[in-house]
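These are my notebook entries on one protein chain, written down in the order in which I looked things up. The structure comes first, and my entries follow it.

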Amino acid sequence: MSKISAAITAVGAYVPEYVLTNQILETMVDTNDEWITSRTGIKERRILKDDGKGTSYLAIKAAQDLINKKGIDPKDIELVIVATATPDMKAASTASFTASEIGATNAFSFDMDAACSSFLFGMSVAASYIETGRYKNVLLIGADKMSSIINYKDRATCIIFGDGAGAVLFEPNEENLGLQDEYLRSDGTGREFLQATYGGSSHALTHDILDEGGHYAFQEGRTVFKNAVFNMADAAEKILKRNNLNKDTVDWLAAHQANKRIIDATANRMELAPEKVMINIEKYGNTTSATLPLLINDYESQLKKGDNVIFAAFGGGFNWGGSIYLKWAYNSK
């Protein structure tokens, strides 16, 4: 009997219509297009402007895109995971609402939060449910409305983040395609350098905190950059060695889209040619949990059955994984 592996069999995505360009940001904070582009690689990002619409709106749209493309009956979906750092509310879960709205009435559901590593960790969890043989259709969505926790007077964060969502469907595979290996890590001592602090149980929101803008996301850019460069590249290199992969046998690097210099450093450590590196940071900025599924959605038409894809991410916590090694399971139509 063939070993069951967990393969991605469909993808979907959604980004809001409003485009926040570098030129618009020049009118909001002390910055300019050349400065932003040279340091981050970002030219524009998408923002969900509609009042009352949260992360679930993005997640639902991405899931519906996948469902329409795949032609799957939502009632056949058995589990819905929403990877997000910006849930609609503290409770109930964004995943539960998303599942109901897309018609996945036979699924159980839950949220996952590991900041920018949420989707990568979600891939591991989704694959584990498939590999047990208990479930056959697991929908994993990465979605974040980062604009809801960004201070648009803070140049350190407002130039980086955007809103968006991507979705993938995991199904069983008996051709040894799908998720092959993973190297996932975290270090809680780094949480002070990248966080959205207030509103959690240890840091209650008060009028004073709101007046001071303490509820917005904060990062110490230099420390985050240094740790991301080292840890993403180190983890990716470890997964290559463990699986006897090299620059010639790796077909794609799908790295978290936080900063083009970090992506380049990871690719250089792997000695990958630029044409093997997935990039869309210039269009969307850092959409946190959504960066990886947005990447593979944009590159779906170029992916071929059997391609070796290395996923890498780094986020607040610190959480990182540098890596998941996945063999692509299908040729797009």
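This is a predicted model: local features need pLDDT of at least 70, side-chain atom pairs count only at pLDDT 80 or more; totals for chains, interfaces and linings use all residues.

Entry 1, N231. Leaving aside neighbours within four places in sequence, I found N231 in contact with F314 and W320, where contact means heavy atoms within 4.5 Å. I located N231 in helix α8, residues 221-242; helices (H or I, at least four residues) and strands (E, at least two) are DSSP runs, numbered from the N terminus. I noted N231 as buried because its relative accessible area is 9%, and buried means under 20%, exposed over 50% and partly exposed in between, with a 1.4 Å probe and protein chains only.

Residues are numbered from 1 along each chain as its sequence is written, and side-chain values use heavy atoms, with hydrogens and water left out.

Which positions does UniProt give for the feature "active site"? The unreviewed entry places this feature at C116, H256 and N286; such annotations may be inferred rather than shown by experiment, and the positions are given in the numbering used here, with feature names shortened. They are spread over 171 residues of sequence, yet they cluster in space, with a largest C-alpha distance of 8.7 Å.

I found C116 in the loop between β5 and α5, and C116 counts as buried because its relative accessibility is 9%. Beyond four places in sequence, the contacts of C116 include H256, N286 and F314. N286 sits in the loop between α10 (281-284) and α11 (291-298), and N286 is buried, with a relative accessible area of 3%. Among the contacts of N286, again beyond four places in sequence, are C116, H256 and M146.

Entry 5, the sheet. I followed five strands that form an open sheet in the order β1-β7-β6-β4-β5, with mixed pairing; two strands pair if DSSP finds at least two bridges between them. The edge strands, β1 (5-14) and β5 (108-112), each pair on one side only. Strand β4 (residues 79-83) pairs with β6 (residues 138-145) in the parallel sense over five bridges, and I81 stands opposite L140 in β6. Helix α4 (residues 94-102) packs on the sheet and touches β4, β5 and β6.

Conventions: Axes are lines fitted to C-alpha atoms, for helices over the stretch in contact, and angles run from 0 to 180 degrees between N-to-C directions.
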